[in-house]
Structure formats: C-alpha cells, structure tokens
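Keep the picture open while you read.

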Amino acid sequence: MSEGLALDWFRSYLANRTQTFALAGKQTVSYPVDCSVPQGSVLGPLGFISYTEDIVDVIERHSVLPHIYADDTQLLASAKPEDNSTLRQQLSDCVADVT
C-alpha cells in the first residue's frame, strides 16, 4: 500500500463524506457520499476534470451525444417510436459503461 503525507491528505479529503437534503425547513439524516468531487473546494475543479476526463469517449462509443455542464451530464439519443426498446438498451449499456 502506498504511503506518504500527500496521499494521506487526499484520503482524508475524499473519505467519510456525507450529505443531507433540506426542504421546507425539514432535513434528512446524513447519507454517505462515496463518489464525485466535493463541491466548493479549491481542488474541486481539478478533481472533477480527472474524475470525468474520459466520460465523453465512453458515451460516444455508444453513438450517444453527451451534454456536460458543471457537474451535470445528460445523454442525448433519438429513435423512431418502434425502435424505443433498442434505444433504451443503448442508453442502459452507455450508463453501465460510464458507471
């Protein structure tokens, strides 16, 4: 296992993060966050770029168009109504590969 001060710092930065949701003055319990990049941090943009660097290539391999803005990714594809099951499978395969 790798060791070092910088690696320990990154581990502590990314580990044991939680998130809550609030609506109309009510707040949920804390949920663990085990993926993504912490928002509002100095390293957030760099971490996000390295986290999503190859996502466009993966999406386009499935003949799907990506629309990526900030931390939002949308998949765009179309088909004739009679081909909707094929389109659903294409999008499912794409999402599985991205995951």
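Start with Ala-24: its relative accessibility is 75%, so it counts as exposed, the cut-off for that word being over 50%. You can find Ala-24 in the loop between β2 (22-23) and β3 (26-27).

Asn-16 is not a glycine either, and has a positive phi of about 55°. Asn-16 belongs to the loop between α1 and β1 (17-19). With a relative accessible area of 79%, Asn-16 is exposed.

Now step back to helix α1, which holds Phe-10 and covers residues 5-14. What do Trp-9, Phe-10 and Leu-14 form on the surface? They make up a nonpolar patch, and together they have about 310 Å² of accessible area. Phe-10 itself counts as partly exposed, because its relative accessibility is 40%. Ser-12 also has its place in helix α1. Ser-12 has a relative accessible area of 53%, so it is exposed. If you look for Val-98, you'll find it 86 residues from Ser-12 along the chain, with 26 Å between their C-alpha atoms.

Is His-62 buried or exposed? At 16% relative accessibility His-62 is buried, because the cut-off for that word is under 20%. His-62 lies in the loop between α3 (55-60) and β5 (65-69). Setting aside neighbours within four places in sequence, His-62 is in contact with Gln-90, Asp-93, Cys-94 and Asp-97.

Here are the accessibility values side by side:

| Residue | Relative accessibility | Class |
|---|---|---|
| Phe-10 | 40% | partly exposed |
| Ser-12 | 53% | exposed |
| Asn-16 | 79% | exposed |
| Ala-24 | 75% | exposed |
| His-62 | 16% | buried |

Time for the whole chain. How many helices and strands does the protein chain have? The count is 4 helices and 6 strands. Going along the sequence, they come in the pattern α-β-β-β-β-α-α-β-β-α. The radius of gyration of the chain is 18 Å, while the globule rule gives 13 Å for 99 residues, so the chain is more spread out than a compact globule. Taken along the principal axes, the C-alpha atoms fill a box of roughly 55 × 40 × 25 Å.

Of the 99 residues, 13% count as buried. The accessible surface of the chain comes to about 8200 Å², and 57% of that belongs to carbon and sulfur atoms. As for contacts between residues at least 6 apart in sequence, 26% of them join residues at least 24 apart.

A handy rule to take along: where pLDDT is low, the predicted coordinates should not be read in detail.

Terms used:
Residues are numbered from 1 along each chain as its sequence is written. This is a predicted model: local features need pLDDT of at least 70, side-chain atom pairs count only at pLDDT 80 or more; totals for chains, interfaces and linings use all residues. Side-chain values use heavy atoms; hydrogens and water are left out. Patches are made of residues with over 30% relative accessible area and no salt bridge: like charges are joined within 9 Å, nonpolar side chains (Val, Leu, Ile, Met, Phe, Trp, Tyr) within 5 Å. Accessible areas come from the Shrake-Rupley method with a 1.4 Å probe; for residues, only the protein chains shown count as cover. A salt bridge is a side-chain nitrogen of Lys or Arg within 4 Å of a carboxyl oxygen of Asp or Glu. Helices (H or I, at least four residues) and strands (E, at least two) are DSSP runs, numbered from the N terminus. Buried means under 20% relative accessible area, exposed over 50%, partly exposed in between (1.4 Å probe, protein chains only). The radius of gyration is taken over C-alpha atoms; the globule rule is 2.2 Å times the number of residues to the power 0.38. Contact means heavy atoms within 4.5 Å.
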